[in-house]
Amino acid sequence: MEQFKKKFLEEANDLINSLEDSLLILEEKPTEKKIIEEVFRVMHSLKGGSSMFGFAKMDAFTHELETIYDMIRSGTLSVTREILDITLAAVDHLKVLLENGEEISETQQNNQNILLSRIHKIINKDAQEEITADTATSNVAAHKESEDKSKVYEKVPTYFIAIKPEEDIFRNGTNPMLLIDELHTLGHCKAFVKTSRLPSFEQLDPEKAFFYWEVFLATDKSIDEIKDVFIFVEDVCNVTISRIADDNLLAKTVFIRELDNFIEPVKETGQSELEAFVAKLKYNEPSLQEEGLSFRADEAAPMKRLSINNIRVSSEKLDDLMNLVSELVTVQASLSLFADNQDNPELAAISESIEKISRQLRDNTFEICLIPIETIMIRFKRLVRDLSNELDKEIQFTTEGTETELDKSIIDGLSEPLMHIFRNAIDHGIEPAEDRLAKGKPRKGKIAFKSYYSGTNVYIQVKDDGRGIDVEKIRQKAIARGFISPEANLSYKELLNLVFLPGFSTAAKVSEVSGRGVGLDVVVKKINDIRGDVEIESQLGVGTTFTIKLPLTLSIIDGLLVKIDKTFFVLPLSSVDKCFEVQDDALVKSFNNKIVLDGKQVPFINLRKEFDIHDNKPILHQIIQVNHDDFKIGLSVDTVIGEYQAVLKPLGRMFKDLEIVSGATILGDGTIALVLDPARVINTFDRETLERREKLYRENHRKDIQLHAGY
Amino acid sequence: MSETKTGGTLTSYLSFRLGEEMFAADVSKVLEILEMRSITKVPRSPSYMRGVINLRGSVLPVLDTRIKFGMPATEDTVDTCIVVLNVIMEGEPLTLGALVDSVEEVLELTETDIEAPPTIGSKFNPEYMHGMVKMDDNFIMVLNVDKVFSTDELVMVAETADKARPAVEEVKE
């Protein structure tokens, strides 16, 4: 367990560092959507990770932060200096939490509480305003509008307006409430009702007005425009308007908070008092220190220097390293050739040493770049276990092909999106046991992980047998969110792919585990970052399969090196079954492209013929028997050289249509060998396979027809 | 590049020979010139793809320019070279090698030295030409390197006008 925690802490460190960067960018460009999304994603990942590894404090903390950025993301809140200050302080606090785990000192706990309350304040700010406004006016139709405007009104002046209606203002049909409503339409407005003139109940004359109001208004309108509001009531209402600040005081939390204490409902606010109050606040800009937060730069980064066990190197650098090593091997091969011809024992010794070192260097470089997918599997096993307990679901988790090796950077980039996929499968995919039994499914849900090589790609599949995706729901949701028009005619696949759009979530509720619609667009973004693709297949009631296709640029395959004429080819060893030696005339005289191997008739493909190579025909051919689907097929070559670890290199765009060759590899002496994709070779050349498929298709088709005829 | 007396900007072009024809390519597109070496033939690739070579650890596709230009294939000689070019294919840079019979020289030309390619009676499709230059009674075709090498088609037919037509039509598709 410690090992996972450690891994998480390392990751969290990275996430927090990138978060700080993003926040600083956000300060410059507060409306940049991409950055907001980025910040939100980091929060989301931190929350997910900390909840998964039982860091309850961090989980609670990041959850609140996430909520803020969710509001910003959806446009309910806008980024302010205040929010950024709090977030940065929160980031510092997160570092403390990361450093000390769950055991934090009292001051730090205090810090957390203060930060949390401030965060709550931001989240609930809208709600508070609504309440104050409601106490002032009974019908605040314009409230919503003024709230929207408040975002724009950061820099506008604030006015203080005292509205004192004459007692008999009602006589001419004036409703002072409407005046206040109108003020709300001008800008950001906060009204206080004054009750000092209210007589005792016995003396109350319902036809007379006793209330009066004091209103704070932040607006870009001129004082004359404000006066225009009262133009029809000038003689029945005593209105004083004064400008009290050049900026929007109502946007400042301290002002709002202090204001409630300052304004007394039973006493008229004096002009001088007000000025003093505003002046005092001006010099008391809200600061975190004032709130008792003790963060200082030296304390803010209390991370004990973690001893560096692992370093991250950009894959570009590794690519460069790899190329340089290949180059070295090439040069070394020519050196040994030269040394062999020189008959100079000293030179031969040097050349041998260099050969040894360069081989070691090559092996090391390969090792640096490649790690099996197994290394990240353990955490997913744990995730499935924990989450299924938490959600009270029974899940059987199987893995296959975890020995598949991938580039380190690809594996790194893979873990986060895979985590989201697993969460989705557990949370949304697999149904509770009772539901499953009711549907006639086995009690235990199944999640299967599988990875395998195919050509130049590694495929990773996560398959669940859960409830599947209801595309009709997706369609409705997409229409509701404005992603597609109601008339849009989308295919099943296109509809399914809508779930990858940012901000799209089919879950009705926001859940602790997944939800809020970040999961799947993160998956796509992260997989694209490592040059991969994601595909989704789903059948309602049957299950969902995510397939991730990753490039193999730096991956190594164990191959069998063979030769036809002068050209070297590599066949992936995983598909090779056996090698046989046959006479040339056995191939030529073979009937129906079948040859007897091990006493069985095996179809074969004469690669010489198919590749159009006619020179230097050998007397003896080698037949490589390969496994394809569930039958065996032979491929004929001239010579088998032996096992070879092939570093796959792309052939490039000039050969992008060439399916049978999945890449090239550079041999020790610098020669290029072509890596064949046996499955594609067979599909391309084996007529019998084609015919078999055709037959199969026809049979299935006939079944379909029969089925239809049956109805 | 430098200024001439007439004020035109000098651009360098690498001239090379394919059979009897002379061609030139903007030097800024040429990365290096390699001696002929063994080329790994890639099966089932277009006829003009000679194969791939190892260029310092990466795989470089090599085109047989003669075939690409619709000329008959010949045996390689000691003069045969691989010109490594950096072309723009579908908006992205691509490095490839082009086999030529021999590399001649670097020409310094101003824009005015290059005449517009003839539209009628030429055995080459003007679409792939930047223009032509007259040198000692010979014409040198200045190639539009990006266009010539980024298309999948055989681009030009050199021998007869009859053969030229289908190739041009193919390109238009």
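**Cores, contacts and exposure**

Reader: Which residues of the largest nonpolar core touch the most other members?

Author: A nonpolar core is a set of buried Ala, Val, Leu, Ile, Met, Phe, Trp, Tyr and Cys residues joined through C-beta atoms within 7 Å, where buried means that 20 or more other C-beta atoms, placed from the backbone, lie within 10 Å of the residue's own, exposed means 12 or fewer, and partly exposed is in between. This is a predicted model, in which local features need pLDDT of at least 70 and side-chain atom pairs count only at pLDDT 80 or more, while totals for chains, interfaces and linings use all residues. Residues are numbered from 1 along each chain as its sequence is written, and chains are lettered from A and ligands numbered from 1 in the order in which they are written. Of the 78 residues in the largest core, those that touch the most other members are A:F569, A:V570, A:L571, A:I624, A:L676, B:V52 and B:L143.

Reader: Which strand gives the largest share of this core?

Author: Helices (H or I, at least four residues) and strands (E, at least two) are DSSP runs, numbered from the N terminus. The largest share of the core is five residues, and they come from strand 21 (residues 672-676) of chain A.

Reader: Which residues does A:F569 touch?

Author: Two residues are in contact if their C-beta atoms, placed from the backbone, lie within 7 Å. Leaving out residues up to four places away in sequence, A:F569 touches A:V562, A:I564, A:V637, A:A673, A:L674 and A:L676.

Reader: Which element of chain B gives the most to the side that touches chain A?

Author: The contact takes 22 residues from chain A and 18 residues from chain B. On the side of chain B, two or more residues each come from strand 4 (49-55), strand 5 (58-64) and strand 7 (92-100). The element that gives the most, with four residues, is strand 4 of chain B.

Reader: How are helix 2 and helix 3 of chain A oriented?

Author: Helix 2 (residues 33-52) and helix 3 (residues 56-74) of chain A pack with their axes 9 Å apart and at an angle of about 155°; axes are lines fitted to C-alpha atoms, for helices over the stretch in contact, and angles run from 0 to 180 degrees between N-to-C directions. Angles under 35 degrees count as roughly parallel, over 145 as roughly antiparallel, 65 to 115 as roughly perpendicular and the rest as oblique. Helix 2 of chain A is therefore, relative to helix 3 of chain A, roughly antiparallel.

Reader: Is B:R37 buried or exposed?

Author: B:R37 sits in the loop between strand 3 (30-35) and strand 4 of chain B, and its C-alpha lies 8.1 Å from that of B:I53, which is 16 residues away in sequence. Because B:R37 has 11 other C-beta atoms within 10 Å, the residue is exposed.

Reader: And where does A:L587 lie, and how exposed is A:L587?

Author: A:L587 belongs to helix 20 (residues 584-588) of chain A, and A:L587 touches A:V582, A:N606, A:H621 and A:S636, not counting residues up to four places away in sequence. Because A:L587 has 18 other C-beta atoms within 10 Å, the residue is partly exposed.

Reader: How many helices and strands are there in chain B?

Author: From the N terminus on, the elements of chain B run β-β-β-β-β-α-β-β-β-β-β-α-α. Counted by type, chain B has three helices and ten strands.
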